[in-house]
Amino acid sequence: MATQPTSYAHPEALVDADWLEQHSKDSDVRIVESNEDILLYDTGHIPGAVHIDWRTDLQDPVIRDYISPDQFASLCSNKGISPDTTCVFYGDKANWWACYALWAFRLFGHEKVKILNGGRDKWRADSRTWTRDVPNYPPADYPVPKKRYDKEVRAFADEALAQSKSEKPLIDVRSPGEFKGDVTHMPEYPQEGVLRGGHIPGATSVPWKTATNDDNTFKSPSELAKIYLEGCGLKQGTDTIVYCRIGERSSHTWFVLTYLLGLNNVRNYDGSWTEWGNKVGAPIEKGA
Amino acid sequence: MYPPKLDKIISLFEMLPEVERRETLVSYADSAKKQEPRTGEEFDLEDVRRDEECADTVGVYLQVDEEGRAHFRMTLGPEVQTLTRAMTAILCKGLDGATPQEILELPSDFVTRIVGAELVRVRSQTTYYILTRMKGICKVYLDRQRQAAAAA
């Protein structure tokens, strides 16, 4: 039987509310809220937190892609973030979009990133301090990143296809119904125009929720190791690709595998099912 | 073209710069709870359900008074998004006193003028959902009225 880890591989990447309250005013710390609900930040947020919208701030408005390094530098500068700033991300939906924003920051090489364990809901449930005041930080100097780290943290459709053909790990983090092909979107979520249901051949179904407790905090190191290392056979050094519907839930699992379990070579296929399920000729498996 | 109360709300939003537009939407969202049914109120129709287009259950309650004017109450589940809450309060106030037929025939182009093109673009289903539900209950009401008239 494999030895179970007793701590996260990168414990510094996960902070709790007490840590955040102690460090919220540190000049080298910036709290970043990122939500699915586009107006949620405006209804109240953690004091000092800035808002980054996954769609209007991080994505190109025309092409399905992310902003350019120039635009990323400008975004960070406007939020008072420099390359040395530690960004602590949190948000609604158990931190889906917080993990997505963190992943996008890694895409541009920003290394000092953390997640607030439990996200917005736990902070509110614990009756922590709350405000509607929007902070205004002086612009920071953020040099334009020399490149985007697509090869390191991001997978494209042809790479997902190669992964499937070579029978390397593909983790599908959507709901069981989506994986089986019974539905093409989450219950209670809009149908975003996907024409086919099912999953990439060879993918393993591990819904994102498997990694969290009821209060949206992450499960213990040993529980996560049991799910992903023992259960899925994921190993250090093996290429692993995670995907969902549009890349947000898989960012959550990408964070778990990369930071909490310390696996290298994990990439997020952000095109996910909205690309694969519409792609002419893409192979699809149905059923459990 | 629009019911007078809705027309006033549209005019208000059109005058607002973007930051204040968002603040006003949040204020309306905060007041959505005031649109819930009150003890003792009776309704001609109630439609409470959870649709694929919305993150939680939404209840629409319609009362049509003796003059044939519609009055709405709404219930929203905790997961309903802020923009949907805002549209709930705006439409309950803006359509209060209009007739079911006027509501059914209401063009939906005013939504962009209230919410702004950017929010409509990124959350189109959210912004139109409540209006669709209100039109839906008005249609059922009018269909039943017509059926009753035909049977009489």
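Reading along the sequence of chain B in this predicted model, we follow the pattern α-α-β-β-β-α-α-α-α-α, and chain B therefore has seven helices and three strands. The radius of gyration of chain B is 15 Å, close to the 15 Å that the globule rule gives for 152 residues, so chain B is as compact as a globular protein of that length. Along the principal axes, the C-alpha trace of chain B spans about 55 × 35 × 30 Å. Of the 152 residues in chain B, 34% are buried, and if we take the contacts in chain B with a separation of 6 or more, 67% of them are between residues 24 or more positions apart.

Now to the pair of helices. Two packed helices are described by the angle between their axes and the distance between the axes. Here helix α2(B), residues 18–30, packs against helix α3(B), residues 82–94, at an angle of about 75°, and their axes are 7 Å apart. Because angles of 65 to 115 degrees count as roughly perpendicular, α2(B) and α3(B) are roughly perpendicular to each other.

Which residues meet in this contact between α2(B) and α3(B)? From α2(B) there are Leu25(B), Val26(B), Tyr28(B) and Ala29(B), and they meet Thr82(B), Leu83(B), Arg85(B), Ala86(B), Ala89(B) and Ile90(B) of α3(B).

Definitions and conventions. Residues numbered from 1 in each chain as written. Chains lettered and ligands numbered in written order. Predicted model: local features only at pLDDT ≥ 70, side-chain atom pairs only at ≥ 80, totals over all residues. Axes fitted to C-alpha atoms, helices over the stretch in contact; angles between N-to-C directions. Helix = DSSP H or I, 4+ residues; strand = E, 2+ residues; numbered from the N terminus. Parallel < 35°, antiparallel > 145°, perpendicular 65-115°, else oblique. Contact = placed C-beta atoms within 7 Å. Rg over C-alpha atoms; globule rule 2.2 N^0.38 Å. Buried ≥ 20, exposed ≤ 12 C-beta atoms within 10 Å, placed from the backbone.
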